[in-house]
Amino acid sequence: MILVSGARGRLARIVIEHLNEPVVGIDVRDAPPDFPGQFFKVKRYDHRKTAEVFRTVRPRVLLHLGVRSASPRMDQRYTDNVLGTRHMLALCQRFGVERVVSISSFHVYGAHEHNPIGIREDAPLRAGARFPELIDLVEVDHTVSNFVWRQEDVSAVLLRPVHIVGPRLRNRASKLLTSPYVPRLIGFDPMLQFLHEEDAARAIVVAMRSPRRGVYNIAGEGTVAYSHAIRNAGGSPLPLPHMVARPFLRAFGRIKLSFPHYLVDYFKYPTIIDDSAFRRDFRWEPTVSTVDALRSLRAV
């Protein structure tokens with residue numbers, strides 16, 4: 001039995017479609033009407049009820065896809081993400097889960113002008129020091145990484161994908177690139193990486209079915225300049241001087257534009273990861289080109 005945390009999420013639903021095995025979902029939100037299996041609505045801080053789900057289901061695999069980023073309250077995000085993840089990993093040990101696949105993000109590396117081209121998995125995670133909004137994401141990554149390497153009873157893998165985009169997702173990257181107001185810093189046009197939603201789902205399933213453990217970057221095919229990404233996705237650039245970008249985005253975000261100001265640096269400096277280890281170890285390749293992945297957003 002496969003237990004999927006964050007099962008109400010759009011990426012999780014795509015992953016479930018790629019599976020040909022019984023699935024049980026767990027989420028803080030209500031079950032979708034067409035969910036193909038059991039579903040438990042559980043608040044992440046309700047450790048007793050989460051333990052009851054594990055005791056009832058006795059999952060063989062945990063797909064931990066439920067890291068929350070929407071809450072503006074740092075204390076709430078920490079409770080949901082960090083404490084919730086630690087509790088789930090402890091339950092995996094307690095109830096004999098065989099395999100864990102957890103999703104992080106390339107954002108944990110941070111955006112910096114001195115970033116090398118081709119950041120490998122052993123690079124330091126510098127995002128938390130520069131961006132308080134990402135502290136909990138970095139802490140979850142550290143938590144799962146330690147579990148991967150120190151826990152011998154459970155085989156685990158942590159995935160750090162680049163921007164995942166596609167017509168069925170409504171995440172920040174997909175919404176941003178199709179917006180009539182896509183912030184672009186004047187004088188900056190960094191190279192970016194994207195991963196189509198179907199390739200992301202395939203990568204998660206491939207990782208789940210493999211016995212390998214470790215921490216892996218995942219990226220799509222090639223790179224593309226930010227300006228070209230906007231054009232291919234159908235958005236309209238909003239040129240901004242660097243000096244006013246952050247205060248403008250803070251103010252304007254309260255009105256119309258959902259654009260976390262910490263992402264300014266990610267669209268200023270290149271944060272290009274090296275995903276060769278995942279491709280080699282899992283014999284995986286993306287099937288959708290970067291340009292096609294971006295153009296698929298026009299169907300939204």
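Ser-104 sits in the loop that links strand S5 (99–103) to helix H4 (127–130). Helices (H or I, at least four residues) and strands (E, at least two) are DSSP runs, numbered from the N terminus. This is a predicted model: local features need pLDDT of at least 70, side-chain atom pairs count only at pLDDT 80 or more, and totals for chains, interfaces and linings use all residues. Residues are numbered from 1 along each chain as its sequence is written, and side-chain values use heavy atoms, with hydrogens and water left out.

**Ser-104**

- Ser-104 counts as buried because its relative accessibility is 9%. Buried means under 20% relative accessible area, exposed over 50%, and partly exposed in between (1.4 Å probe, protein chains only).
- The side chains of Ser-104 and Asp-141 form a polar contact at 2.7 Å. A polar contact is a pair of N or O atoms within 3.5 Å; within protein, one must be able to donate a hydrogen and the other to accept it, and residues adjacent in sequence count only if both atoms are side-chain atoms.
- Setting aside neighbours within four places in sequence, Ser-104 is in contact (heavy atoms within 4.5 Å) with Leu-137, Asp-141, Leu-158, Leu-159, Arg-160 and Pro-161.

**Helix H8 and Ala-233**

- Six of the eight residues of H8 are buried, so this helix is largely enclosed by the rest of the structure.
- Those buried residues are Tyr-226, Ser-227, Ala-229, Ile-230, Asn-232 and Ala-233.
- Ala-233 belongs to H8 (residues 226–233). Its relative accessibility is 2%, so Ala-233 counts as buried.
- Not counting residues up to four places away in sequence, Ala-233 touches Leu-177, Thr-178, Leu-294, Leu-297 and Arg-298.
- Ala-233 and Arg-298 are 65 residues apart along the chain, yet 5.9 Å separates their C-alpha atoms.
- Just after H8, Gly-234 has a positive phi of about 95°.

**Helices H1 and H7**

- The axes of H1 (residues 10–18) and H7 (residues 197–209) come within 9 Å and cross at roughly 60°. Axes are lines fitted to C-alpha atoms, for helices over the stretch in contact, and angles run from 0 to 180 degrees between N-to-C directions.
- H1 and H7 are therefore oblique to each other. Angles under 35 degrees count as roughly parallel, over 145 as roughly antiparallel, 65 to 115 as roughly perpendicular and the rest as oblique.
- On the H1 side, the contact is made by Leu-11, Ile-14, Val-15 and His-18. On the H7 side, the residues include Glu-197, Ala-201, Ile-204 and Arg-209.
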